[in-house]
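Dear colleague,

Please find below the sequence and structure that I am handing over to you. My notes on what was found follow directly after.

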Amino acid sequence: MIYQIIIGLEIHIEPNTKSKMFCGCQEDHFGAKPNTQTCPICLGLPGALPIANSEAIKKTMQLGLALGSNISKISKFYRKHYFYPDLAKSYQISQKDNPFCIGGSLMGKKINHIHLEEDAGKLIHSKDESLIDFNRSGCALIEMVTEPVFHDISEVMSFVKELQLVVRYLDISNADMEKGTMRLEANISLSTSEKLPNYKVELKNINSFKFLEKAIKTEIERQTNALNSGQKLAQETRGYDEKTKTTFSQRTKADSDDYRYFPEPDITPIEIPGSMILDLRSRIPELPEQKRKRFAEKYKLSSDYINILVSDLERANYFEKACSLSKEYKTIANLIINKNFDKEYPEPAGLVKKIYDLGSKMYESAKVTKNAVEKVLIDNPDIVTSYKNGKGQVIGFLIGQVQKKLKGKGNPKLVNDKIVELIRKNF
Amino acid sequence: MKTPLTIKETQEGLKAKKFSAVELVDSYLAQINKYNKEFNIFLTVTEEQAYKKAKEIDRSNFQSPLSGVVVSYKDIFLTKDVRTTAGSKILESYIPPYSATSVNRIEAAGAIPIGKLNCDAFAHGSSGENSDFGVTKNPWNKEYVTGGSSSGPAGAVSANMSLVSLGSDTGGSTRQPANFCNLVGLKPTYGAISRYGVIAMSSSLDTVGTFTHTVGDMEIMYDVLRGEDGFDGNVKNFVKPEIKKRFKLGIAKEYFIDGLDAEVEKMIFEVKKTYEKMGIEVVEISLPHTKYMVPVYYIIQPAEVSSNLGRFDGIRYGNNRNSFGEEAKRRIMLGSYILSAGYYDEYYEKAMKVRTKIINDFDEAFKTVDAIISPVSPTPPFKLGENTKDPLKMYLEDVYTTTANLVGIPSLALPSTFSTSGLPIGFQIMGPRFSEHALFELGRKYHQEIDYKPKIAL
């Protein structure tokens, strides 16, 4: 029997805000000693009250705007209740009706909504005790929920990778799965018709792209085998065991939660003025897909090269800087991608110089070099001062400036020596 | 020594060296030691803290607004390093790591904290009888309740165990005990005073209440307590408005219901006459949704209670869930049911819609009148045990008081007179949001006219 695969995603992203969602504690908790980043608010102590973090709200809306979501004019927080030892208040402040972002799409895949909520603490189990670390409790968490529009594992994989990239471009989060700043859940079911089947399996506990791919594949196989042998599949939550490479049932529908949502009375509904939306929209940088198109047009690179460059914003920027010094676009891309020259030459000018070397072009004369060095030193008194104050690494900048003046034809050793010599003598 | 009954007299006495702050503490502590066993008002007495602060005050020049004012707190105000129980066994041994904004503000203004006060567990009740630490008895007559849930705060001030006290008011928990103990009680505008550090009962209704002997003292307390603190996002700053010269008051015809005690009803008419004698017009108004007040309140309030009490799940705070009393359990069950899937729309959402209608009633009324006079409790203080068998009857105690909480407006409860059985009765004046200062003016006028003098029961 051939089944249509139907997958919807729930993706959590921990934004790189300074403070947690509703208090002043530090958001970044990676590697911190347990329970050192807490206060009455994120510990959920009696009497404590939440104050919503506007930076987190802005980041959520910016993600929505980048993906074409509608921004709610008035957005509300809700209390979502469930009992778990790591949930300090016995409810999570989350959103339900009127989340910050509604709709939108990425790579043609429809997004249902994007909302903002707080994270729970972390349970640490050992042989005979369980401990709670509240450092993560109350951290801001952006949740994106897609429509059930994925029919293929490869679609899922390219979507989540592209989302990770968009989030990085927007400086919302580094979205590292290994560090838990990006977490994925997939709702998977199989159908024999166009209609949604009457069950879905929620797949949890996935902490890398690799495991996501494997887990979905394993789960699809399990469901296919089950349906083929005439079994009925139930609504349930399953986890993925990396060791056995199987999924296992965590919870079935029978004991599914009733979250008893109601609007959070401690936070008045948040009005989003049009001016704020305009401002946020104006600050959306060039997104990966736009960059790919531009790179293709401007630099005429192969799509493989473009994808590699664009997948790392820093590299893409380095590439463009180098291209502003030399028109050898393909060579530059090649040296970056295949030789990692961007690591070897922290300043793009150095790499451009290397290209001239490789092309065995003549270096500029000692005299021309000296003049260029002099001019650069005069133009950058602050840099010279900080060099003299012991900041040796600023020499890279000076070298870059000289090479720029010499159109990349400076002899690196000569340039370096002249800079050191002239600073010592004249400055 | 005879302790003064107002902030002004206290501070004049301190400045004139008639007595020291330490002597004031001596005197209040003596009263506590003498009567607390019998009346069960204080759960924790902070003697050491009180003397330490009193000595500081004695070294000062008494210039802070509350210099030397001895204060006590309902035990739902968190006090750093001092046990805070909320009147419940659950928190029997809970020592908070931080203090409520109100506590910090009052103490920064020079007040001397003397202890923590009994109350209905988690502020659930109208008589003090739901405290897990035993009922507080009314200092005016120990066979009667003080009212609740701020039973201790009313008891403490009327028994002269502190000059002022802080309570809370979610559905009348300050105004009703103030009335039952011959005190001035204020339920402020929702959003005037920070709730930070006050153990939450019903978050959209909770307010910080204050007990004093006079309206003048209430104004001083209010001005110390109000304003943004950066921790309660619903609090707003406001500038004290110009007070009107001419007032017009309203009395709602819907307030004269079955069950309104004849003596209370008579008193309301006396109040009306008193204002009219001063040339203040009192007209009949209509608040058509009055009959929905208690039902709406008893949907929203337990829903929020069930949410706020969830954290006492037995993992932290010492005692497990078996330590919840009957009333807390009743409200947790009611609230969980109200919020559960399928019933949310039918109950909670509908109640919120009616709440909007009730708010509209008041918006309309305040177009024609500046403030509304109303009973606080339908009856004078009742006897211990009289209402405990019938929770519904106890809930009806709240018929006049829940209004101000549902609408979010301020209400000032004023002592008026004594019933034929010698127990205090009084009324309340409700005004638009942030009209506290106008209510103080109306309260002062009334007390001047009837020549009100503060009295202590013991």
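Arg195(B) and Asp266(A) form a salt bridge in this predicted model, their closest N and O atoms being 2.8 Å apart. Between chain B and chain A the count is one salt bridge. Arg195(B) and Asp266(A) also belong to a network of salt bridges, in which they are linked with Arg79(A), Glu264(A) and Asp232(B).

The interface

Polar contacts across the interface of chain B and chain A amount to 14 residue pairs, both residues being at pLDDT 80 or more.

The size of an interface is often expressed as the accessible area that is lost when the parts come together. For chain B and chain A the buried area is about 2,500 Å², and carbon and sulfur atoms give 56% of it. Within chain B, the residues that lose the most area to chain A are Ser307(B), Arg311(B) and Arg316(B), which together make up 24% of what that side buries.

Ser307(B) is located in helix H9 of chain B. Is Ser307(B) buried or exposed? The relative accessible area of Ser307(B) is 0%, and the limit for a buried residue is under 20%, so Ser307(B) counts as buried. Neighbours within four places in sequence left aside, Ser307(B) is in contact with Arg79(A), His81(A), Lys89(A), Ser90(A), Tyr91(A) and Phe262(A). Two of these names occur elsewhere in this message: Arg79(A) is part of the salt-bridge network described above, and Lys89(A) forms a salt bridge with Glu118(A).

Salt bridges

Over all chains, the structure holds 45 salt bridges. In the pair of Glu118(A) and Lys89(A), the closest N and O atoms are 2.7 Å apart. This pair links distant parts of the chain, 29 residues apart: Glu118(A) is in strand S8 (residues 109-118) of chain A, while Lys89(A) is in the loop between strand S4 (78-81) and strand S5 (91-94) of chain A. Glu118(A) and Lys89(A) are both buried.

In chain B, a salt bridge joins the side chains of Glu327(B) and Arg330(B), at 2.3 Å from N to O. Both residues lie in helix H10 (residues 326-339) of chain B, three residues apart, which is about one turn of the helix. Glu327(B) has a relative accessible area of 9% and is therefore buried, the limit being under 20%.

Aromatic rings

The count of aromatic pairs over all chains is 36. One of them is formed by Phe295(A) and Tyr299(A), an edge-to-face pair at 5.2 Å centre to centre with 85 degrees between the planes. Phe295(A) and Tyr299(A) both lie in helix H5 (residues 288-299) of chain A, four residues apart, or about one turn of the helix. Both Phe295(A) and Tyr299(A) are buried.

In chain B, the ring centres of Phe427(B) and Tyr446(B) are 4.9 Å apart and the planes stand at 80 degrees, so this pair is edge-to-face. Phe427(B) belongs to strand S11 (residues 424-430) and Tyr446(B) to helix H14 (residues 436-449), so the pair ties together parts that are 19 residues apart in sequence. Phe427(B) and Tyr446(B) are both buried. Chain B also contains an aromatic cluster made up of Tyr94(B), Phe122(B), Phe312(B), Tyr317(B) and Phe324(B).

Charges over rings

In chain A, Lys80(A) lies over the face of Tyr259(A), 4.3 Å from the ring centre. The charged end of Lys210(A) sits over the ring of Phe211(A), at 5.9 Å from its centre.

With kind regards

How values were computed. Residues are numbered from 1 along each chain as its sequence is written. Chains are lettered from A and ligands numbered from 1 in the order in which they are written. This is a predicted model: local features need pLDDT of at least 70, side-chain atom pairs count only at pLDDT 80 or more; totals for chains, interfaces and linings use all residues. Side-chain values use heavy atoms; hydrogens and water are left out. Rings of Phe, Tyr and Trp (its six-membered ring) pair if their centres lie within 6.5 Å; planes under 30 degrees apart count as stacked, over 60 as edge-to-face and the rest as tilted. Helices (H or I, at least four residues) and strands (E, at least two) are DSSP runs, numbered from the N terminus. Buried means under 20% relative accessible area, exposed over 50%, partly exposed in between (1.4 Å probe, protein chains only). A charge sits over a ring if NZ of Lys or CZ of Arg is within 6 Å of the ring centre and within 35 degrees of the ring normal. A salt bridge is a side-chain nitrogen of Lys or Arg within 4 Å of a carboxyl oxygen of Asp or Glu. Buried area is the accessible area (1.4 Å probe) that two parts lose on being put together, summed over both. A polar contact is a pair of N or O atoms within 3.5 Å; within protein, one must be able to donate a hydrogen and the other to accept it, and residues adjacent in sequence count only if both atoms are side-chain atoms. Contact means heavy atoms within 4.5 Å.
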